[in-house]
Amino acid sequence: ACGHNVIAGISVAGGVALADSLENVPGEVVIYGCPAEEGGQNGSAKGSFVREKLFEGIDVAMIIHPSSEHSITKNSLAVNPLDFEFFGKSAHAAGSPESGKNALDALLHFFNGIATLRQHVTSDVKIHGVITHGGDAPNIIPDYTKARFYIRAATKEGCDEVTQKIVDIANGAALMTGCKAKVSSFQNRVDNLVQTRYFDDLYVDVMKKLGVEVLVDSKKSMGSTDVGNVSHIVPTIHPNIKICDSCVVGHTHEFNEAAGSLAGDEAVILGGKALALLGLKLILNESELLKVKEAFEATKK
């Protein structure tokens, strides 16, 4: 439903085609498989790859995401994926409530505190969470509750700043109710995406040669992606390739159908060609690769 089958197909097609073109050319192509993309302890797997320094010696990184339009790399939001747990003391809710410490009260104060915070954050900040454990029985004061949150912002620095405010709210809610609070990451944090515009310009030129016009000023949001982690280390592109109509959005049944359709298959071939041609261009033309790297460093500064 997010088209990761198309992403994988494009990367493999482009990598294999480029590798087959390097028989007499000094260069190397590396294809990274990224399991656990959106879940599990190592979810947002490219964050693990960056942490383990798997991109050392890599000049550039390229990936294409299916979408409802052809467009260049867009900015994305950094995100901290966090679990918030509250520990209290159980007691009979009618017989001895004075003996209990209500972890559900702590959790509700926490949610209300976040609701109050929303007025005092910048417009790029997105805070969304759910209660995953709210207690076991209505006649027992809950001694344990848990919520899971995504905290997003335009930059990883801004994300860390608002995260600290939310952690303070959790600790305050625990203090109000006599409980203890615990905050932990349930998967890799995701950084905002650093856009190297010159690199995208080269992609646009390649797609034009393949007969496709690519939007360079799309306003559609891209959410968050662990490609952002990579983009802080090496010049990276993450353009979109069209597989459906503009009314279809990701993470829906309709997008799932599009990703498995003939349009999805055609996008794999088109995207694979684009990656192979662009990769070959950078390998054969050292001055272009240098310009990409210079643009990347300028953007980071």
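Ser44 sits in the loop between helix 1 (4-20) and helix 2 (45-51), and its phi is near 60°, a positive value in a residue other than glycine. Keep in mind that this is a predicted model.

- As background, most residues other than glycine have a negative phi.
- Ser44, with its phi near 60°, counts as buried because its relative accessibility is 6%, and the cut-off for buried is under 20%.
- Lys53 isn't a glycine either, yet its phi is positive at about 65°.
- You'll find Lys53 in the loop between helix 2 and strand 1 (61-62).
- Lys53 has a relative accessibility of 54%, so it counts as exposed, given that exposed means over 50%.

- Four strands make up an open sheet, ordered 4-5-3-6, with antiparallel pairing.
- Strand 4 (126-133) and strand 6 (180-185) are the edge strands; each has a single partner strand, so one side of each has no neighbour in the sheet.
- From one strand to the next, the twist averages 20°.
- Strand 4 pairs with strand 5 (residues 144-153) through seven bridges, in the antiparallel sense.
- If you want a residue pair to look at there, Val130 has Arg148 in strand 5 as its bridge partner.
- In general, strands of a sheet pair through backbone hydrogen bonds.

**Helices on the sheet**

- Helix 3 (residues 103-117) packs on the sheet and touches strand 3 (78-87), strand 4 and strand 5.
- The direction of helix 3 makes about 20° with that of strand 5.
- Helix 4 (residues 156-177) also packs on the sheet, touching strand 3, strand 4, strand 5 and strand 6.
- For helix 4, the angle is about 10°, taken against the direction of strand 3.

**Cysteines**

- The disulfide count is zero, where the rule asks for a pair of cysteine sulfur atoms within 2.5 Å.
- Cys2 is in no disulfide: the nearest cysteine sulfur belongs to Cys244 and is 11 Å away.
- Cys2 is buried, with a relative accessible area of 15%.
- Cys179 has a relative accessibility of 7%, so it counts as buried.

Terms used: Residues numbered from 1 in each chain as written. Predicted model: local features only at pLDDT ≥ 70, side-chain atom pairs only at ≥ 80, totals over all residues. Heavy atoms only, no water. Buried < 20%, exposed > 50% of the residue type's maximum accessible area, 1.4 Å probe, protein only. Pairing = 2+ DSSP bridges. Helix = DSSP H or I, 4+ residues; strand = E, 2+ residues; numbered from the N terminus. Axes fitted to C-alpha atoms, helices over the stretch in contact; angles between N-to-C directions. Contact = heavy atoms within 4.5 Å.
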